[in-house]
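Read the following account alongside the sequence and the model.

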Amino acid sequence: MIWQLLGILVAGLLLLPLLPVALWSVSQGWYFPHILPQTWTLAGWITVLHGHSGIGEGLLTSLLVALITTCLALVVGIPAGYALNHTPALRPLLYLPLLGSPLAVVLGLQELLIRLGLQGSLVGVMVVHLLPTVPYTSLVMSSLFASWDPAYGWVARSLGAAPWQVGRYVLGPMLLPGVGVSALFAFLLSWNEFVLSFFVGAGEVLTLPMVLFSLLQGGNYTLIGAVTITSLLPGLVILGLSSRLLQTGIPLVE
């Protein structure tokens, strides 16, 4: 009971900063010293639902970039995690993109991207989003592979299981929670990335964080609040799916 109350308290403290943002999204006038807004409006949400001010384009672009980046990060991160488990000397190399400033990293890559014709392109943005996402997915998968006992596979094979059945029914369920966590990290990192998208996108690729940044310059807090809450929704959905994987440890669809 005490731990449950403590968990609720911590969750409340984490969500507390979002309360003013939620109130901004439905208010037109909120001035000190009033505790609640004086004027209520749904104008911000109407703008979001209609996709005006670049919000629709930014939302779709961010979803596309984050989903594809997540898939690519898993494709690279799962075998990389297996390799790290057998070659620990490679582990420091994965930390390099995380140790330096993202701005320094992207400035180093910009010349290469320009020469490859990827500057200001959707593909270029996806490529640079792999820099922060692949290390996380690789490290999570490496920890899972480290706990894998080959004896499980041998026992399954001795009972007549084919190699693909070992992967499907033995290794797969063990790795699935880690894949869910890796996908969660990769999606959230890509979804909220601004610096890399700003410099590599070069104003041609409009993501939701870039839309939110431009709105902050305008000072329309009603619209800012609505866009901020909207930007949280995909992450909450992915978090819910990942939490289910962690709790069940089985595929979502049989």
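Leu-13 counts as exposed because its relative accessibility is 54%; exposed means over 50% relative accessible area, buried under 20%, and partly exposed in between, with a 1.4 Å probe and protein chains only. Leu-13 lies in helix α1, where helices are DSSP runs of H or I with at least four residues, strands are runs of E with at least two, and both are numbered from the N terminus. The structure is a predicted model, in which local features need pLDDT of at least 70 and side-chain atom pairs count only at pLDDT 80 or more, while totals for chains, interfaces and linings use all residues. Residues are numbered from 1 along each chain as its sequence is written, and side-chain values use heavy atoms, with hydrogens and water left out.

Leu-13 belongs to a nonpolar surface patch formed together with Trp-3, Leu-6, Leu-9, Val-10, Leu-14, Leu-16 and Leu-19. Together these residues have about 890 Å² of accessible area, an area that comes from the Shrake-Rupley method with a 1.4 Å probe, counting for residues only the protein chains shown as cover. Patches are made of residues with over 30% relative accessible area and no salt bridge, joining nonpolar side chains (Val, Leu, Ile, Met, Phe, Trp, Tyr) within 5 Å and like charges within 9 Å. A salt bridge here is a side-chain nitrogen of Lys or Arg within 4 Å of a carboxyl oxygen of Asp or Glu. Helix α1, residues 2-15, gives the most to this patch, with six residues.

What pattern does the protein chain follow along the sequence? The pattern is α-α-β-β-α-α-α-α-α-α-α-α-α-α, with twelve helices and two strands. The C-alpha atoms fill a box of roughly 70 × 60 × 30 Å along the principal axes. The protein chain has 254 residues, of which 36% count as buried. It exposes about 14,600 Å², and carbon and sulfur atoms supply 73% of that area. Among contacts (heavy atoms within 4.5 Å) between residues at least 6 apart in sequence, 73% join residues at least 24 apart.

Charged side chains are next. The protein chain has 5 positive and 6 negative ones, and the centres of the two sets lie 15 Å apart. Lys and Arg count as positive and Asp and Glu as negative, without His or the chain ends; each charge is placed at NZ of Lys, CZ of Arg, CG of Asp or CD of Glu.

Arg-91 is found in helix α5, residues 91-99, and is partly exposed because its relative accessible area is 27%. Leaving aside residues up to four places away in sequence, Arg-91 touches Leu-84, Leu-139 and Ser-142. Between the C-alpha atoms of Arg-91 and Phe-187 there are 22 Å, with 96 residues separating the two along the chain.

Two positions in helix α6, residues 102-116, come next. Val-106 has its place in this helix and is buried because its relative accessible area is 1%. Apart from residues up to four places away in sequence, Val-106 touches Leu-196, Phe-199 and Val-200. The C-alpha atoms of Val-106 and Val-200 are separated by 7.5 Å, although the residues are 94 apart along the chain. Gln-110 is also placed in helix α6 (residues 102-116). A relative accessible area of 17% is why Gln-110 is buried. With the same exclusion of residues up to four places away, Gln-110 touches Gln-119 and Phe-199. Its C-alpha atom is separated by 33 Å from that of Ser-143, 33 residues away along the chain.

Helix α9, residues 163-192, holds Ser-182. Is Ser-182 buried or exposed? Ser-182 counts as buried because its relative accessibility is 1%. Not counting residues up to four places away in sequence, Ser-182 touches Leu-74, Thr-137, Val-140 and Met-141. Leu-176 has its place in helix α9 too, and counts as partly exposed because its relative accessibility is 22%. Met-141, a contact of Ser-182, has its C-alpha atom 9.9 Å from that of Leu-176, 35 residues apart along the chain.
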